[in-house]
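I opened this notebook to record what I looked up in the coordinates. The entries follow the order in which I worked.

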Amino acid sequence: MTKNKKIIATTSLAGCFGCHMSFLDIDERIINLIELVEFNKSPINDIKKFTKHCDIGIIEGGCCNDENIHVLREFRKNCDILISLGECAIMGGLPAMRNGIPLKECLEEAYINGPTVKDVNSQKIIPCDPDIPKILNKVYPCHEIVKIDYFLPGCPPRADLIWNALYALVTGNELLIPYEVFKYD
Amino acid sequence: MSTFVKFIIDGKICLSEEGKQLIEAAKENDIYIPTLCNYPGIPPKGSCRICTVLINNRPATACTTKVTENMDIKTSTPELEDFRKAVIELLFSEGNHFCPSCERSGNCELQALAYRYKIAVSRFPYFFPERSVESWHPKLIKDHNRCILCKRCIRGIKNNDGKTIFAYGRRGQYLEINIDPETSKNISDELAEQAMNICPVGAILVKERGFITPIGKRKYDYNIIGSEIENQ
Amino acid sequence: MGNTINAVIKKYNGDETRLMDILLDIQTELGYISDWTIEQISKALDIPTVEIIQTLSFYHFFHREPKGKYTIYLNDSVVSNFYGKEEVKKVFEEEAGIKFGQVTPDGLIGLFETACIGMSDQEPAALINEQPFPSLTPEKARKIIKMMKEGKSIEDIKGNKYGEGNNSHYLMRSLVNNNIQERGAVIFSDYTPGDAIKKVVKELSSTDIIEEIKKSYLRGRGGAGFPTGLKWEIARKAQGDIKYIFCNADEGEPGTFKDRVILTELPKLVFEGMIIAGYAVGAKYGILYLRNEYRYMREYLEHVLQEMRDDGLLGKFIGGKKGFDFDIRIQCGAGAYVCGEESALIESAEGKRGEPRDRPPFPVESGYLNRPTVVNNVETFCTAVKIILNGAEWYNRMGTKESRGTKVLSVSGDCERPGIYEVEWGFSVNDILRKAGAKTHEVLAVQVGGPSGSCISEKEFNRILAYEDLATGGSLIIIGKKRNLIKDVVLNFQKFFMEESCGSCVPCRVLTVIYKNIIEKIVRGEGRSSDIENLQKWAVFMKNNRCGLGQTATNPTITAIKNFKFIFEESVKNNSENFYSFNENEAVKEYVEIFNKK
């Protein structure tokens with residue numbers, strides 16, 4: 001039984017976990033899904049490292065820091081098929097709204113000048129501990145970093161779209177996309 | 001007295017007044033030709049190129065073509081459909097179209113066309129250009145990130161004296177649409193509203209308005225753009 | 001300043017369709033066009049400032065900030081780069097102490113790059129305060145900046161070694177050379193101004209002229225090759241009592257410079273052609289649209305027009321004939337290649353941004369100020385005069401079946417004798433290479449017809465220059481084997497189209513940027529073979545643009561890939577499809593630098 005199950009990994013890079021939440025919105029169909037797939041590295045089951053090669057990797061979020069890049073590359077290495085799930089993975093999404101603003105300005109606004117911080121950060125500290133991932137000059141869509149095989153849009157993608165897509169992919173059935181589930185918001 | 005002419009669109013025999021804009025003539029015959037820059041009642045300016053069709057096997061924009069007797073028009077060959085898709089993708093690549101945060105989402109014609117063509121991602125690289133949001137105007141916001149430069153506002157919105165309010169600036173990849181501080185100074189609420197509505201995307205907004213219609217009730221939540229014509 | 005602005009506006013009777021002239025004159029007087037100036041013009045003409053900015057910001061020779069007492073525009077064309085532009089650029093930068101795109105803090109010198117200025121036979125060249133400085137070297141560049149710092153006048157900086165022929169005319173005093181390498185039987189044959197007009201007045205009706213031109217099978221020399229006689233006939237029959245004749249001297253196709261030489265040596269031939277066209281069509285007004293790069297000729301050309309008026313060849317009662325009235329004005333452009341497209345040229349002459357119009361209506365039906373308008377190339381008008389003088393039969397004896405007569409070619413690049421060649425149609429590319437002294441075994445490619453034409457390889461050097469085979473507006477850029485085709489040629493041309501797109505049509509506005517970026521990526525060694533496939537595939541979208549610029553703007557890439565696939569393949573061979581050009585070190589550099597500084 002387990003042998004035929006497709007193995008799925010998921011991750012959230014520069015995302016808000018909304019896509020994962022929407023994934024869980026497939027509701028009771030999750031029971032059907034568990035019949036068809038097995039989860040490996042994923043926040044859903046809290047497996048932190050790949051323990052085997054996977055069939056499908058689902059990526060939420062674009063790449064805003066070097067850690068995102070490393071995780072994404074690791075996914076590419078460990079998964080046969082990669083899916084960009086949601087606007088952030090596909091085109092940067094809301095985090096990419098900073099792409100037109102120099103990084104320095106973004107950091108200063110976030111840590112020094114912004115209305116919620118300017119009175120409390122009197123030493124004007126911008127965190128830069130070596131353990132903190134290094135922030136990239138801009139937010140990159142995932143397919144600019146590695147090959148992505150499928151794209152499921154939405155912010156978040158509708159649960160029905162995720163379900164239909166996964167079901168089609170796992171069973172080899174035709175993918176049906178009703179108009180109302182294909183949205184960018 | 002207007003003369004009626006017979007012409008063929010995708011094999012279907014159509015009738016309309018001679019000299020009518022092809023895009024409108026097609027509409028009368030329940031055929032939808034996608035467009036972004038055309039707007040009923042204002043002079044056409046084939047700039048988006050999405051309405052490109054084949055007329056006697058030569059490409060031409062349906063918004064700038066007038067129908068004549070026996071015209072043979074093809075609107076949806078695979079090449080034309082891929083071209084339209086490409087133009088929409090080019091617009092998404094060129095600007096900063098963050099649909100989830102846009103007031104116009106759900107009512108946006110660019111987005112609606114992308115839905116119609118089921119575009120999940122642009123085949124072209126995203127530019128992420130540096131563009132500004134202008135908010136100096138008392139009634140309007142001009143968000144250059146979202147502007148697709150279709151010229152609808154330039155052509156369709158004039159002030160009480162008939163003067164230009166919107167105009168192009170620069171050229172090529174730096175092309176932009178500017179608002180004149182003088183001629184736009186005393187525009188009425190109605191004109192501001194008109195300017196917002198004539199814009200196919202969320203590039204012109206009336207201040208302190210937005211997200212009025214809840215998700216699920218917006219124009220294109222359940223209805224494909226063009227279906228109102230096709231499903232007559 | 002206010003007085004200057006008002007005087008200029010008065011000179012043009014406050015006519016907003018003369019906005020180009022108004023802006024050009026004001027910029028000449030004041031150096032640049034400030035926001036304050038824009039407001040004054042807006043008030044005086046009663047048009048919104050955005051409309052003025054719409055025109056002003058379209059053209060790259062207009063400046064809204066001071067551009068320096070001395071403004072240097074260094075030619076960034078392909079041939080200029082072949083002949084050492086980078087070295088000259090470096091010296092200009094070092095000596096002036098600024099980078100290109102900047103003005104010295106004291107406002108003395110401004111450095112800018114510009115697209116082909118029509119001097120490909122004498123590169124590298126620059127325009128300095130509108131005066132051409134051809135054949136620059138690093139030494140000359142050093143001297144020029146030194147003299148600028150000494151406050152010398154442009155005339156002093158130019159020196160007194162003027163070019164041949166009329167280049168030395170006291171109203172031009174230009175350093176440019178004609179380099180006429182071969183004179184043919186049509187354009188550069190013997191000519192006495194006024195003879196054709198005399199003949200017309202004596203014995204020809206307007207229909208006779210059109211018939212003769214039709215019989216000659218003359219086709220437009222700008223590149224598109226539309227039958228001239230037919231164009232004139234349509235315009236003659238078009239409704240309306242006011243019609244216009246435009247001479248398109250917006251010679252912007254990189255590598256082309258024949259019209260510069262014709263205008264320098266044979267301006268009366270050009271004007272006579274316009275006058276005869278006016279007679280044939282029933283037009284009383286002519287406009288010579290002169291590209292800004294050739295504005296140094298303007299005073300001289302105005303003088304020629306005055307001479308013709310004095311000789312009774314222009315103005316009222318031309319050739320003594322009652323009702324034969326025709327006059328010509330010169331309209332200068334301000335830097336926009338797309339204005340070479342006839343409807344964009346008309347828009348520009350009307351004081352607007354040079355955005356091509358939707359067609360129909362065609363200019364012959366509704367053109368300048370919505371009147372029937374004939375737009376022809378400089379060379380076309382010249383040829384028409386000779387056909388009227390010598391007859392269509394004479395003309396038909398030259399050339400090939402589809403292409404009668406001669407063609408003036410601009411030959412440049414890697415050859416011994418760059419310059420102007422007037423040859424009969426029907427010569428092969430090889431013939432021209434031989435004439436120009438290019439060693440065939442050292443030639444990699446020939447760019448025929450400029451960037452909008454095609455980049456051909458040795459295999460096609462036996463092709464014939466003619467409408468039926470290799471049609472061309474007349475330029476051949478010879479590219480030697482020592483050149484890096486993708487970097488030195490294709491990239492330069494794609495950058496050119498990106499900068500010159502008017503931006504109105506989506507495919508042109510966006511894809512020109514994408515093509516330039518991908519070519520750049522290939523040059524950096526980061527291309528993949530799928531990039532080459534995409535470049536070939538996506539070009540089809542350009543076919544649906546409104547104008548010729550947009551429709552041909554990916555030609556540099558696709559013709560080069562077609563004929564030099566091996567060069568492209570070689571440049572991507574090290575990268576598999578799994579290679580992504582994203583560079584992590586580059587991407588975190590900004591972040592690392594922010595914290596290093598602290």
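**Entry 1. Cis peptide bonds in chain C.** I located Pro360(C) in the loop between helix 15 (342–349) and strand 9 (373–377) of chain C. Here helices (H or I, at least four residues) and strands (E, at least two) are DSSP runs, numbered from the N terminus. The peptide bond between Arg359(C) and Pro360(C) is cis, with omega at about -5 degrees. I found a cis bond also from Glu123(C) to Pro124(C), where omega is near -10 degrees. Pro124(C) sits in the loop between strand 2 (109–114) and strand 3 (126–128) of chain C.

**Basis of the values.** I note that the model is predicted: local features need pLDDT of at least 70, side-chain atom pairs count only at pLDDT 80 or more, and totals for chains, interfaces and linings use all residues. Residues are numbered from 1 along each chain as its sequence is written, chains are lettered from A and ligands numbered from 1 in the order in which they are written, and side-chain values use heavy atoms, with hydrogens and water left out.

**Entry 2. Positive phi in chain C.** I looked up Ser135(C), which is not a glycine and has a positive phi near 45 degrees. Ser135(C) belongs to the loop between strand 4 (131–133) and helix 7 (138–149) of chain C. Is Ser135(C) buried or exposed, or partly exposed? Its relative accessibility is 32%, so Ser135(C) counts as partly exposed; buried means under 20% relative accessible area, exposed over 50%, and partly exposed in between (1.4 Å probe, protein chains only). Tyr217(C), likewise not a glycine, has a positive phi of about 60 degrees. I placed Tyr217(C) in the loop between helix 10 (206–216) and helix 11 (228–237) of chain C.

**Entry 3. Helix 23 of chain C.** How many of the nine residues of helix 23 (residues 555–563) are buried? I recorded seven, and the helix is mostly covered. The buried residues are Asn555(C), Pro556(C), Thr557(C), Thr559(C), Ala560(C), Ile561(C) and Asn563(C). The elements that cover them include strand 13 (454–457), helix 19 (485–500), helix 20 (506–523), helix 21 (529–538), helix 22 (548–552) and helix 24 (565–572), which belong to chain C.

**Entry 4. Chain C as a whole.** I listed 25 helices and 14 strands in chain C. The radius of gyration of chain C is 24 Å, close to the 25 Å that the globule rule gives for 598 residues, so chain C is as compact as a globular protein of that length. The radius is taken over C-alpha atoms, and the rule is 2.2 Å times the number of residues to the power 0.38. Along the principal axes, the C-alpha atoms of chain C fill a box of roughly 85 × 60 × 45 Å. Buried residues amount to 64% of the 598 in chain C. Of the contacts in chain C with a separation of 6 or more, 71% join residues 24 or more positions apart; contact means heavy atoms within 4.5 Å.

**Entry 5. Chain B as a whole.** I listed six helices and ten strands in chain B. The C-alpha trace of chain B spans about 50 × 45 × 35 Å along its principal axes. In chain B, 58% of the 232 residues are buried.

**Entry 6. Interfaces.** I examined chain B against chain C, where 39 residues of chain B are in contact with 38 residues of chain C. The area buried between chain B and chain C is about 3,100 Å², with 58% from carbon and sulfur atoms. Buried area is the accessible area (1.4 Å probe) that two parts lose on being put together, summed over both. Which residues of chain B lose the most area to chain C? They are Arg49(B), Leu90(B) and Arg171(B), together 22% of what that side buries.

I then turned to chain C and chain A, where eleven residues of chain C are in contact with 23 residues of chain A. About 1,600 Å² is buried between chain C and chain A, and carbon and sulfur atoms give 65% of that area. On the chain C side, Tyr580(C), Phe582(C) and Tyr591(C) lose the most area to chain A, together 42% of what that side buries.
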